[in-house]
Amino acid sequence: MRVLLKLTLDCTPDAAWRALRSPAVLREVVAPWLDLASLEPGGLPTVWPEGGHHVRALAFRRFPAGEELVEISFPGGLPTGVRMLRDSGGALTGPLARFGRWDHRMAISALPDGRTLYRDRLLASAGAWDPVAWYPTWAFWQWRGHRLRRLAPGWSFDPPGTADAASGEPAGGDAAASGVRA
């Protein structure tokens, strides 16, 4: 199955990029239907680094709904000005483990007016369950889109030499655009 979103976000591309890389923002975007709790020492990172991250999904922010692997990568070879985050993990246990394939890509780029073009593509397969799983997955993605649009105006980006530099993140490039202030 394929689910797509294409939105204009009322924030700068740097702020949107920072938000996409934030587990805290992910938790806000999927609330109240889901929440994530880290299964790793130290909890969720401030910014998703590349690699695998084990989490427990919580339905309605309270009820265990299985374990998931968030497998983060940042694909290269993109057109100038486009940044992409890819999650190729998926559920390991619980009801969402029916999805045997999970490829979620989120891309951002600048619009001429300074706002952000956000594109989101989920390719997933639940095998014989696809006809049953498609509509709830699509509806949940529409909720995510609604939450992204609603939260984006509160996102900001601290340029190098300000709070980002003090946080220990490398200055400049994509790494500097990887945190969130609300």
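# Salt bridges, cores and a pocket

Visitor: Is R83 buried or exposed, by its relative accessibility?
Guide: This is a predicted model, so the figure is computed from predicted coordinates. The relative accessibility of R83 is 13%. The cut-off for burial is under 20%, so R83 counts as buried.

Visitor: Which residue forms a salt bridge with R83?
Guide: Side chains of opposite charge can pair when their charged atoms come close. Here the closest N and O atoms are 2.9 Å apart. The cut-off is 4 Å. The partner of R83 is D14.

Visitor: How many residues apart in sequence are the parts that D14 and R83 tie together?
Guide: D14 lies in helix α1, residues 13-20. R83 lies in strand β5, residues 83-87. The pair therefore ties together parts whose separation in sequence is 69 residues.

Visitor: Is D14 buried, partly exposed or exposed?
Guide: The relative accessibility of D14 is 29%. Partly exposed runs between the burial cut-off of under 20% and the exposure cut-off of over 50%. So D14 counts as partly exposed.

Visitor: In the salt bridge of D35 and R27, which residue counts as buried?
Guide: The two side chains meet at 2.6 Å, N to O. R27 has 29% relative accessibility and counts as partly exposed. At 6% relative accessibility, the buried residue is D35.

Visitor: Which strands hold D103 and R86?
Guide: The side chains of D103 and R86 meet in a salt bridge, at 2.8 Å from N to O. The pair ties together parts 17 residues apart in sequence. D103 is in β7 (residues 101-110), so the strands, in the order D103 then R86, are β7 and β5.

Visitor: Which residues are linked with R86 in a network of salt bridges?
Guide: R86 is partly exposed, with 25% relative accessible area. D103 counts as buried at 6%. The network links R86 with D103, R105 and R121.

Visitor: How many salt bridges are there by the rule used?
Guide: The rule asks for a side-chain nitrogen of Lys or Arg within 4 Å of a carboxyl oxygen of Asp or Glu. The D35 and R27 pair is one of those that qualify. The count comes to 10.

Visitor: Which residues lie closest to the centre of the largest pocket?
Guide: The volume of the largest pocket is about 1,000 Å³. Its lining has 41 residues. The closest to the centre are L34, L96, W102, F140 and W141.

Visitor: How many residues of the largest pocket's lining are nonpolar?
Guide: Helix α3, residues 130-151, gives the most to this lining, with eight residues. The lining also divides by residue type. Four residues are polar and four are charged; the nonpolar number is 33.

Visitor: Which residues does L20 contact, leaving aside its neighbours within four places in sequence?
Guide: L20 is among the residues that touch the most other members of the largest core. Contact here needs heavy atoms within 4.5 Å. With sequence neighbours left aside, L20 is in contact with W48, L85, M106, I108 and Y118.

Visitor: Which peptide bond is cis, from A31 to which residue?
Guide: The omega of this bond is near 0°. The residue asked for lies in the loop between α2 and β2. It is P32.

Visitor: What is phi of F60 near?
Guide: F60 lies in the loop between β3 and β4. With a relative accessible area of 51%, F60 is exposed. Its phi is positive, in a residue other than glycine, and near 55°.

Visitor: What is phi of R61 near?
Guide: R61 is also placed in the loop between β3 and β4. It is partly exposed, with 40% relative accessible area. Its phi, again positive, is near 65°.

Conventions
Residues numbered from 1 in each chain as written. Predicted model: local features only at pLDDT ≥ 70, side-chain atom pairs only at ≥ 80, totals over all residues. Heavy atoms only, no water. Helix = DSSP H or I, 4+ residues; strand = E, 2+ residues; numbered from the N terminus. Buried < 20%, exposed > 50% of the residue type's maximum accessible area, 1.4 Å probe, protein only. 1 Å grid on protein atoms, 1.4 Å probe; cavity = no way out; pocket = protein on both sides within 12 Å on 5 of 7 lines; lining within 4 Å. Points joined across faces, edges and corners; volume = space filled by probe spheres on them. Nonpolar A, V, L, I, M, F, W, Y, C, P; charged D, E, K, R; others polar. Core = buried A, V, L, I, M, F, W, Y, C linked by side-chain atoms within 4.5 Å.
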